[in-house]
Amino acid sequence: MAKYSAMQFAVRPTVVGRLLSDMYGILALLTLVPAGLAWVTDSAAAKAYSGVIASLALCWLGGRLLAPPDRVQKNEALAMVALLFITSSLLLCLPLMSYGIPFMDAWFESVSGVTTTGLSTLDIAEASPAFLFGRAWMQWLGGIGVVVLALAIFVRPGVTANRLGFSDREMDDVVGGTRAHARRVIIIYLLLTALGITALYFSGASLLDAVVHCMAALSTGGFANYPNSLADVNAAHLWVVNLLCVAGAISFHLYYRSLLRSGRGKFIDNQLYTLLATLAAGIGLMWVLATLAGLELPARDLLTTVVSAQTTAGFSSTEIGALPSSMILLLCVLMAIGGGAGSTAGGFKLDRALLLFQIAHRSLLRSTLSEHVHVRGAKHQEGSRMEEALSLLVWFLAIVLLSWLVFVAYGFPPLQSLFEVVSALATVGLSSGITNAELPAELKLVLCTNMLLGRVEIIAVLVLLAPRNWIGRRRGSGEKP
């Protein structure tokens with residue numbers, strides 16, 4: 001029972017409130033950027049942004065009345081993360097509504113933005129620069145927020161934490177770990193963003209396209225400036241976007257570690273190798289399936305589709321719904337796997353997929369060897385990581401099944417429905433054509449729920465909704481877990 005001791009204490013609302021208010025203060029400052037652009041081009045949106053900033057600032061001021069906690073329980077941190085994404089998406093839909101967009105579509109867009117998904121029900125053919133920048137800014141913020149919170153909250157102390165560059169002292173406190181590691185991640189994120197914008201601009205993109213597409217690609221979000229996504233951009237532009245998507249799907253600890261290390265072992269990372277191998281295999285399989293179906297798919301479209309699915313970026317340069325069923329199913333698998341842990345990518349994550357593969361491999365070995373033969377490495381496997389991976393897999397499949405059944409019950413094609421649900425839960429953003437303005441509000445709500453569940457990794461929402469985490473004994477000041 002020792003490993004569950006931290007969960008024996010109920011969530012303290014004052015702690016969650018203080019943490020949430022701190023986050024609101026940061027979000028208020030960051031919202032000044034799209035608000036500034038809106039004041040130049042869209043006065044109605046600027047007023048809405050001002051209202052959002054004022055609301056966030058008031059919440060921050062109210063939080064000053066709550067004492068900062070000495071220690072933060074894991075269930076409190078997870079509850080805060082879930083509340084942050086839910087409430088921020090509701091607030092950030094207000095500027096979108098100022099453009100005359102109905103609430104459900106505006107909230108869908110803001111959820112898709114902060115969760116770095118990229119699904120959209122809107123026609124952006126006549127969208128203003130402030131609108132396009134504002135929704136890409138949401139994705140850029142959602143991407144860096146997920147990196148920092150994932151590395152600080154979901155990574156456990158010990159070997160795993162040390163491998164990601166955390167010291168035991170940093171991992172001793174959830175909030176302390178966030179503060180200690182945030183500077184490293186932010187610096188890397190800003191450097192990659194600057195390099196991406198520069199590369200896109202020199203590839204022939206306009207300044208607006210360079211900024212928006214870089215932010216959307218690096219955050220593996222997928223919001224593009226055109227109704228047909230990236231179908232009409234030049235080849236150099238598309239290549240840079242694809243490279244940025246891959247860069248965003250690589251675990252961020254590898255960038256930091258590589259800057260400090262020289263010589264052999266600098267770029268050794270199982271998730272990086274698995275990502276590259278999966279991309280190569282995906283491209284090869286897609287080409288074979290397209291050839292068997294007699295489909296002539298241009299190389300640029302083939303590459304972009306696979307990269308967008310695997311990295312969960314969601315850009316497209318071809319019509320997904322027109323692809324053969326076998327190719328759509330393969331894309332579902334790639335989307336579900338996703339990118340590396342500690343990256344901006346969504347999905348089940350490569351490290352968990354590798355862990356489950358190792359479990360399956362060892363199970364197969366045990367069934368073929370003598371019971372007296374020891375399977376090497378088995379006793380060194382972290383049991384808690386296996387439990388977490390299996391638990392998340394079960395929840396992922398259960399949510400996909402339930403959501404898929406709802407879409408099928410509404411009369412949508414089964415395969416296209418499956419693709420849409422997986423795309424939302426893995427925070428990808430590719431669409432088979434189902435997601436549009438005419439989609440029933442109930443199904444938009446299902447996709448919004450899936451996007452939020454996928455971005456906060458399901459467990460955080462379960463912690464938020466579970467009564468046992470809110471009702472019970474609470475830890476007092478100075479009391480150890």
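What follows is a short chat about a predicted model of one protein chain.

Student: What are we working with, and how are residues numbered?
Tutor: This is a predicted model, where local features need pLDDT of at least 70, side-chain atom pairs count only at pLDDT 80 or more, and totals for chains, interfaces and linings use all residues. Residues are numbered from 1 along each chain as its sequence is written, and side-chain values use heavy atoms, with hydrogens and water left out.

Student: How many helices and strands are in the protein chain?
Tutor: The protein chain has 19 helices and zero strands. Helices (H or I, at least four residues) and strands (E, at least two) are DSSP runs, numbered from the N terminus.

Student: What share of the residues is buried?
Tutor: Of the 481 residues in the protein chain, 54% are buried. Buried means under 20% relative accessible area, exposed over 50%, and partly exposed in between (1.4 Å probe, protein chains only).

Student: How many salt bridges are there?
Tutor: The count is seven, a salt bridge being a side-chain nitrogen of Lys or Arg within 4 Å of a carboxyl oxygen of Asp or Glu.

Student: What does Asp105 pair with?
Tutor: Asp105 forms a salt bridge with Lys444, and the closest N and O atoms are 2.6 Å apart. Asp105 is in helix H4 and Lys444 in helix H18 (residues 441–455), so the pair ties together parts that are 339 residues apart in sequence. Both Asp105 and Lys444 are buried.

Student: And Arg135, which residue is its partner?
Tutor: Arg135 forms a salt bridge with Glu109, with the closest N and O atoms 2.6 Å apart. Arg135 lies in helix H5 and Glu109 in helix H4, so this pair ties together parts that are 26 residues apart in sequence.

Student: Is Arg135 buried or exposed?
Tutor: Arg135 is buried, with a relative accessible area of 3%. Glu109 is buried as well, at 0%.

Student: Switching to rings. How many aromatic pairs does the count give?
Tutor: Nine aromatic pairs. Rings of Phe, Tyr and Trp (its six-membered ring) pair if their centres lie within 6.5 Å; planes under 30 degrees apart count as stacked, over 60 as edge-to-face and the rest as tilted.

Student: Why does the pair of Phe103 and Trp107 count as stacked?
Tutor: The ring centres of Phe103 and Trp107 are 6.4 Å apart and the planes are at 5°, so the pair is stacked. The two are four residues apart in helix H4 (residues 103–114), about one helical turn. Phe103 is partly exposed at 41% relative accessible area, whereas Trp107 is buried at 11%.

Student: Where do Phe133 and Trp137 lie?
Tutor: Both are in helix H5 (residues 129–154), four residues apart, about one turn of the helix. Ring pairs link Phe133 and Trp137 with Trp140, Tyr189, Phe252 and Tyr255 into a cluster.

Student: Back to Asn225. Where is it placed?
Tutor: Asn225 sits in the loop between helix H9 (207–218) and helix H10 (235–249). Asn225 is buried, with a relative accessible area of 6%.

Student: What does the side chain of Asn225 make a polar contact with?
Tutor: With the side chain of Asp209, at 2.7 Å. A polar contact is a pair of N or O atoms within 3.5 Å; within protein, one must be able to donate a hydrogen and the other to accept it, and residues adjacent in sequence count only if both atoms are side-chain atoms.
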